[in-house]
Amino acid sequence: MDRILISSCLLGQKVRYNGTSKLDHHSVLQVWQQEGRLVPLCPELAAGFQVPRPAAEIAQGKSGDDVLLGKAKIIEETGRDVTELYQEAARQALILAQRENCQYAILTDGSPSCGVRFIYDGNFAGNRHSGRGITTALLEKNGIRVLSEAEIEILRQTLSEE
Ligand code: SF4
């Protein structure tokens, strides 16, 4: 049975930087949970961050791939450089995904860790651009297919055809 790493905020856990969740109501999530497919994780908490915590973005319009290559930093709204902690968050996610034999991940779009289709540009002005977070980049480089919460239906169809 294929297993799926999932951002814990999508399951209703209030682990986001501002103390909220991003509970997703797609009905298949309950089915997958009952089947034991889901492996919930908040990579940022796994790396030692607290709730609440300052918002953070990947600087200068770059992406998680650039951070992995050492070509970009992740900076909190306060100006603190948290790149190393975000690298640790991505490592924790990969370790868990591999240990739990996850072939897929569903992660929360927009996050500098979990973003899949878009992230923010580092100006803390709400400007999105296409690109992925550092956890998404590391998982995909290691063969785990990552989808955003907007793509749950695609994964449901993929799994039902297997
Ligand atoms: Fe959700 Fe990922 Fe942010 Fe944790 S790091 S709150 S799982 S988007």
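Let's start with glutamate 76, which sits in strand S4, residues 74-76. Strands here are DSSP runs of E with at least two residues, helices are runs of H or I with at least four, and both are numbered from the N terminus. Glutamate 76 is buried, at a relative accessible area of 3%. Buried means under 20%, exposed means over 50%, and partly exposed is in between, using a 1.4 Å probe and protein chains only.

What does glutamate 76 touch, once neighbours within four places in sequence are set aside? Its contacts are Phe49, Pro54, Ala55, Ala56, Val82 and Phe124. Contact means heavy atoms within 4.5 Å.

A word on the source. This is a predicted model, so local features need pLDDT of at least 70 and side-chain atom pairs count only at pLDDT 80 or more, while totals for chains, interfaces and linings use all residues. Residues are numbered from 1 along each chain as its sequence is written, and side-chain values use heavy atoms, with hydrogens and water left out.

Back to one of those contacts, Phe124. Phenylalanine 124 lies in the loop between S6 and strand S7 (128-130). Its phi is positive, near 55 degrees, and it is not a glycine. Phenylalanine 124 is partly exposed, with a relative accessible area of 27%.

Asparagine 101 also has a positive phi without being a glycine, at about 60 degrees. You'll find asparagine 101 in the loop between helix H4 (83-99) and strand S5 (102-107).

Next, a cis peptide bond. Valine 51 and proline 52 are joined by it, with omega about -5 degrees. Proline 52 is in the loop between H2 and S3.

Now the pocket and the ligand. How much space lies in the largest pocket? About 550 Å³. A pocket is found on a 1 Å grid over the protein atoms alone: it is an open set of points where a 1.4 Å probe fits, with protein on both sides within 12 Å along at least five of seven lines, and lining residues have an atom within 4 Å of a point. Grid points join across faces, edges and corners, and the volume is the space filled by probe spheres set on the points.

Of the 33 lining residues, Arg16, Tyr17, Gly110, Ser111 and Pro112 are closest to the pocket's centre. Helix H2 (43-46), strand S3 (56-58) and strand S6 (118-120) each give at least two residues to that lining. By class, the lining has 18 nonpolar, seven polar and eight charged residues. Nonpolar covers Ala, Val, Leu, Ile, Met, Phe, Trp, Tyr, Cys and Pro; charged covers Asp, Glu, Lys and Arg; the others, Gly among them, are polar.

Where is the ligand? It takes up the largest pocket. That requires more than half of its atoms to lie within 2 Å of the grid points. There are 13 residues around the ligand, and Ser7, Cys9, Cys42, Glu44 and Cys114 come nearest. To be near, a residue needs a heavy atom within 4 Å. This shell splits into six nonpolar, four polar and three charged residues.

Two last stops. Threonine 20 is in the loop between strand S1 (3-7) and helix H1 (28-35). It is partly exposed, at a relative accessible area of 30%. Beyond four places in sequence, threonine 20 contacts Gln13, Lys14 and Val15.

Finally, helix H5, residues 134-141. Six of its eight residues are buried: Ile134, Thr135, Thr136, Ala137, Leu138 and Leu139. After H5 comes glycine 143, with a positive phi near 85 degrees.
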